[in-house]
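Here's a quick briefing to read with the model open beside you.

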Amino acid sequence: MKQIFGRPEGLTEVHQRYCPGCGHGIVHRIIGELLVKLEIRERTIGIAPVGCSVFADEYFNCDMIQPPHGRGPAVSTGIKRSRPDCIVFSYQGDGDLAAIGTAEIVHAAARNENITVIFINNAIFGMTGGQLAPTTLPGMKSTTSVQGRDVKKQGYPIKVCELLAGLDGPYYLERTAVNTPKNIIKTEKALRTAFKNQIEDKGFSLVEILSMCPTN
Amino acid sequence: MANKKLMYGNHAIVEGVLSAGCRFFAGYPITPQNEIPEYMSIRMNEIGGTFVQTESEIAAINMLFGAAAAGKRAMTSSSSPGISLMQEGISYIAGADIPVLVVNVIRGGPGLGNIAPAQSDYYQATRGGGHGDYFTITLAPNSAQELYEFPKLAFELAEKYRNPALILADGLLGQMMEAVEYTIAPVDPNDLPEPPYALSGCKGRERRVVRSYDLKPGRLEAWNFERQKKYAQITKQEQRSESTDCANADLIIVAYGTCARVCSAAVRMAREKGLRVGLFRPITLWPFPKDMLAELSAKTDDFLVVEMNLGQMIDDVRLATDCRKKIHFHGRPGGGVPTPPEIFEKIKQILGGA
């Protein structure tokens, strides 16, 4: 029997522990497929964040490193500058990238580091149980804002793409979503561009992907 | 000797690091070590290495994590408050068993403190420094020559044991000028073999993962026990020290770095007055050279620990002598530097003579 659909070689055989309905699995699959389609799997080094996708170091079938919370862009810089022929991607959630790692992402973008950042924005801290994130929308409930985000007390959400777009450094910034098949196709295109930019030495690329956290 | 140059201690570190074949530096400005990144930026540019001035010490240590995990020799330098910021990263690097070199040109503390020389980061350097059970190999040079020579030694030890290494200097060692003899045959980084953990792309081999976490019950515990064996091996094999006039001494001074230089002058003053005083200088602070000190304590009853802090290494001296000896202390915290006459007075107090 001919197999027409299966796990891409860019993903390992390890069973993913993400909750049913979570967006991580969709984005993982897109990246896993791109590593193969772009023929970069064997020269790619991925960075897993702290958060739900900390386990990404078990799921992507390429060299991986797991650094401290929010420091992915700094670790990526160290790797890319040491091994410019390798393709380096930093996979980060919104707590990792937009809260504790704000300085690292802003400065990596300002330096136009030739890396690819995949920024999963589900507007919540997932792994720790649904606390307020810097991306939580006004009025949105979390375990540390049970009445909904009150902008008078908790301020306004950070719009990462808009923030980084104010810099001269970054080469490519895009925001997509994985909530519909149409958006998933757009996400695939954006990620393909973000990896191709790095292959062609064009510089810093970040794709912000709006994702779901059904558990929180 | 043609290969001798008068240079700043901080510049000597840079030449030593480059001689060791290191081509990656990331760091953030802080006094009194700014001559290191400044001179490094020029030299890396000359020889085609990487210099990154970072947004913080946090970014610097994590760039090192990346570069070293990619299999390259990588170093950073900072001073006390900056080293505090790096502790999270050093813990991760120790937890992932990756070798890096961190230079701490210590200044007065705590807090912002001042920019004067100090040794108040001894505990931080020798007890791990960050969270979790780990140690960092810690070297304490006392001259520009050693500032030049120790980076290569530090890289070799770090790589042999897959562990972060620290060099502890202070503002005085970094800022003073001394003759340095270029004794190291420069290492070509291309001649260094790719380490077995290096992230380089998985072409033709199994993929590699560098990480410090393991959530499977029992496995992290086993991993820590493995590391404990490594630490025992380092403690057994890598203790380094220097003893001067310690045989038949009535009093042995224990001091490292700048304090050892000051104390060697005080020892000469005492010897001229007929007082039998020796100097024991730890060169590795972790592992502390306890075996040699224990040996010396068989014949001598009095020890004087001199530190530029409130008394930190004194704990290791007590442990090395099983608390059976009289351990005297003279300390100058907050950027104070002792003088030879000051130490000589202390010697006279203890020995009651001259």
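The largest nonpolar core in this predicted model has 155 residues, a core being a set of buried Ala, Val, Leu, Ile, Met, Phe, Trp, Tyr and Cys residues joined through C-beta atoms within 7 Å. Buried means that 20 or more other C-beta atoms lie within 10 Å of a residue's own, with C-beta atoms placed from the backbone. Numbering runs from 1 along each chain as its sequence is written, and chains are lettered from A in the order in which they are written. Since this is a prediction, local features need pLDDT of at least 70 and side-chain atom pairs count only at pLDDT 80 or more, while totals for chains, interfaces and linings use all residues.

- Another core, of 7 residues, lies apart from it and includes A:C22, A:A123, A:F125 and A:A133.
- Skipping neighbours within four places in sequence, B:L64 is in contact (C-beta atoms, placed from the backbone, within 7 Å) with A:G78, B:A26, B:A74, B:T76 and B:V100.

**Helix α3 of chain B**
- This helix covers residues 57–69; helices here are DSSP runs (H or I, at least four residues), and strands are E runs of at least two, numbered from the N terminus.
- From first C-alpha to last it reaches 18 Å, close to the 18 Å expected from 1.5 Å times one less than its number of residues.
- α3(B) is largely enclosed by the rest of the structure, because 13 of its 13 residues are buried.
- After α3(B) comes B:G71, with a positive phi near 95°.

**Where the domains of chain B meet**
- The centres of domain 1 and domain 2 of chain B, taken over C-alpha atoms, are 27 Å apart.
- Their contact takes 25 residues from domain 1 and 22 residues from domain 2.
- On the domain 1 side, α5(B) gives the largest share, 4 residues.

**Chain A overall**
- Chain A has 8 helices and 8 strands.
- Its C-alpha trace spans about 55 × 45 × 30 Å along the principal axes.
- Of its 216 residues, 52% count as buried.

Notes:
A residue is buried if 20 or more other C-beta atoms lie within 10 Å of its own, exposed if 12 or fewer, and partly exposed in between; C-beta atoms are placed from the backbone. Two residues are in contact if their C-beta atoms, placed from the backbone, lie within 7 Å. Domain bounds come from an automatic or database domain assignment.
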